Amino acid sequence: MEWIELLKALILGFVEGMTEFAPVSSTGHMIIVDDMWLQTKEFLGSGSANTFKIVIQLGSILAVVFVMWKRLLSLVGLYKIEGQKKTRFNLGHVIIGIIPAGIFGVLFEDFIDENLFSIKTVIVGLIIGAIFMIIADKFGPKKPAITSLDDISYSKALKIGLIQCLSLWPGFSRSGSTISGGVLLGLDHKTAADFTFIMAVPIMAGASGLSLVKNWDQINADHFWFYVVGFVSAFVFALISIKFFLKLISKVKLTPFAIYRIVLALILIIVLAV
């Protein structure tokens, strides 16, 4: 591939890594950047370009594993976290949390790929998601009862999982929907973010793998380095963004991100109208 095409992969990896764990929609940002400027569909093809946007999320997932490996190993009893409560957070919470989005994702994957990967649908997701985030900050409990992953019940995990289904609409944001839902259900922002990150590992790995298998015939050997550059770029920048975001979310909450989403949506509306 030519260097300009690999540069585009690097840029999309940067966008993915820096936005995946902030409640602003990484998929939405990649669609915006790609459709308006990079135009990777012209040399990858539509199916491969959409698959790339999903597969490079594996780079971000690897960053989560790198940062949260102790907690992930504790889920399967391979690591004991000091001070962990008896009613500890375990693999069951994660499975219960990912089932709803997993079911709906499989059922509607083709519809989403064919109809919702556009700037117009992203604008809708940005605005509605922003409103949901503002509602969470305004009406969530002032003194959250759940301040640790080990305080999350199975029923809370299921409810957050159901709310996560909103993120199947590009632009809504997986972290935006789950953190907002968690806050409304009594979690503090940091705990909701931690749960979101852990649930992301199996969900995004599964979605990436499924998309890769379904669109394998549309990906040729010439695309290999494009995928590799995007993957590595997403991993590196996700490492940077994860630690930064976990510190930031406890201080600024969700509303500043919601305002950014609304401003971005308005700019896109103006650009499309001109």
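Q: Which residues does UniProt list for "transmembrane region"?
A: The unreviewed UniProt entry lists residues 51-69, 89-107, 119-136, 195-213, 225-246 and 258-273. Such annotations may be inferred rather than shown by experiment. The model here is predicted, and its coordinates can be set beside the record.

Q: What is the helix content over residues 89-107, and how far apart are the end C-alpha atoms?
A: Residues 89-107 are 89% helix and 0% strand. The end C-alpha atoms are 29 Å apart.

Q: What are the values for residues 258-273?
A: That span is 100% helix and 0% strand. Its end C-alpha atoms lie 23 Å apart.

Q: How is a pair of aromatic rings described?
A: By the distance of the centres and the angle of the planes. This structure holds 13 aromatic pairs. Take Phe43 and Phe226: their ring centres are 5.5 Å apart, with the planes at 75°. Planes over 60 degrees apart count as edge-to-face, so Phe43 and Phe226 form an edge-to-face pair.

Q: Which parts of the chain does the pair of Phe43 and Phe226 tie together?
A: Phe43 lies in helix H3 (residues 41-44), and Phe226 lies in helix H12 (residues 224-252). The pair therefore links parts that are 183 residues apart in sequence.

Q: Is Phe226 buried or exposed?
A: Phe226 is buried, at 0% relative accessibility. Phe43 is partly exposed, with a relative accessible area of 24%.

Q: What is the geometry of the rings of Phe52 and Phe226?
A: Their centres are 4.6 Å apart and their planes are at 55°, so this pair is tilted. Phe52 sits in helix H4 (residues 46-55) and Phe226 in helix H12, so the pair ties together parts 174 residues apart in sequence. Phe52 is buried, with a relative accessible area of 0%.

Q: Which residues form an aromatic cluster?
A: Phe21, Phe197, Phe245 and Phe257 form one.

Q: Where does the charged end of Lys138 sit?
A: Over the ring of Phe139, 5.9 Å from the ring centre.

Q: What is the phi of Gln39, and where is Gln39 found?
A: Phi is near 55°, a positive value in a residue other than glycine. Gln39 is found in the loop between helix H2 (26-38) and H3. Gln39 is partly exposed, with a relative accessible area of 31%.

Q: What is the phi of Ser173, and is Ser173 buried or exposed?
A: Phi of Ser173 is near 90°, again a positive value in a residue other than glycine. Ser173 is found in the loop between helix H9 (154-164) and helix H10 (174-184). At 4% relative accessibility, Ser173 counts as buried.

How values were computed. Residues numbered from 1 in each chain as written. Predicted model: local features only at pLDDT ≥ 70, side-chain atom pairs only at ≥ 80, totals over all residues. Heavy atoms only, no water. Phe/Tyr/Trp six-rings, centres within 6.5 Å; stacked < 30°, edge-to-face > 60°. Helix = DSSP H or I, 4+ residues; strand = E, 2+ residues; numbered from the N terminus. Buried < 20%, exposed > 50% of the residue type's maximum accessible area, 1.4 Å probe, protein only. Lys NZ or Arg CZ within 6 Å of the ring centre and 35° of its normal.
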